Amino acid sequence: MIDIQTIKSIAYEHGFDLCGVAPAEPLPEPNARFTAWLNAGMHGEMAYLRRHADLRMDTRTFWPAAQSILMLGASYWHAEQEHEQERMGEIARYARGRDYHKVLRRQCKRLVKDVEALLDEDTESRICVDSAPFQERAYAARAGLGWIGKNTCLIHPKMGSYLFLAAILWNLELPADEPMADHCGSCHKCLEACPTQALIKPHTLDARKCISYHTIELRGEIPDEYHAAIGRRIFGCDVCQQVCPYNRFAVETRFEEFHAHADLAGKSLDDFAAMTEAEFNAFFAGSPIRRAGHEGFQRNVRIVQGNSANFHD
Ligand code: SF4
């Protein structure tokens, strides 16, 4: 049996800032909240969430051999010049660099390999980086990586919430960590600041009102009633994280891949509006912005151009 501290040290060496263990079993409270959220239709057009709901709620259905879940978190915060965002429109922090899925999967594979080398045997594991029906945030909270804030993000008291999460479901028996207490207290900053009141109550996000959902996930037109609230945002929205007091403690990412795409700084809204589909695909190759597709991104840029008459700074 390998010492869990050794695994945590290896995780840190591979760029993960947080590491903890959750038991490979269902989480009744998060599952009940998730079911109620789905039943209220708050997932909007993200039908995949409903399609795989059963798998999402029981890791044993997903992979019966799992004995433990190693949860990992990596900061993606990078001290950038926010004024660079003004000319081109705002892009959510997580999407300014390279897509994290491949980067973290690669690091998880290296971690597994290093652990297997110490065990002197092969193990079986499944790596999830938003790639399978799995409730990353709920298991990260169960593994003691932080608590789920009223803004629905996982928050660490000394690192904030600009964190990417990854999971390794493993047929290794590892001691589970204790969950962390909720430190939101009487704060309501995120609920008050959300430009579209998408946080309808603490811990409940109605995706159908959320700017991130509209500018990333929604296909087709964004309802007019949200255009003004979108402001300068051409992809995603960070307001509920920007106002969170714990993000004063955000730490610099140790991944250069998550720094802003070097060529973004020179772009303007007009440059984005003029991009053909081929140019969009080439410019944003390896970027999370590809998810909106050329059409969705152009739609967002047009809305921000329409809003620009109201920009005064
Ligand atoms: S802004 Fe306040 S209430 Fe919202 S997640 Fe952060 S600490 Fe919690």
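Some ground rules come first. Residues are numbered from 1 along each chain as its sequence is written, and side-chain values use heavy atoms, with hydrogens and water left out. Since the model is predicted, local features need pLDDT of at least 70 and side-chain atom pairs count only at pLDDT 80 or more, while totals for chains, interfaces and linings use all residues.

The protein comes to 15 helices and ten strands (DSSP runs numbered from the N terminus: helices are H or I with at least four residues, strands are E with at least two). Its C-alpha trace spans about 65 × 40 × 35 Å along the principal axes. The radius of gyration, taken over C-alpha atoms, is 20 Å, which agrees with the value near 20 Å for a compact globule of 313 residues (the globule rule is 2.2 Å times the number of residues to the power 0.38). Buried residues, meaning those under 20% relative accessible area with a 1.4 Å probe and protein chains only, make up 51% of the 313. Of the contacts (heavy atoms within 4.5 Å) between residues at least 6 apart in sequence, 77% join residues at least 24 apart.

What about the inside? Domain 1 (4–79 + 99–170) and domain 2 (189–310) each supply at least three residues; the bounds come from an automatic or database domain assignment. Beyond four places in sequence, I234 touches residues including M88, I91, F272, F297 and V304.

The ligand is surrounded by G149, K150, N151, I155, C184, C187, K189, C190, C244, P245 and Y246, where near means a heavy atom within 4 Å. Both domain 1 and domain 2 give residues to this shell, so the ligand lies between them.

Finally, Q135 sits in the loop between β4 (125–128) and α8 (136–142). Q135 is buried, with a relative accessible area of 13%. Leaving aside neighbours within four places in sequence, Q135 is in contact with P30, N31, F34, R56 and M57.

Terms used: Buried means under 20% relative accessible area, exposed over 50%, partly exposed in between (1.4 Å probe, protein chains only).
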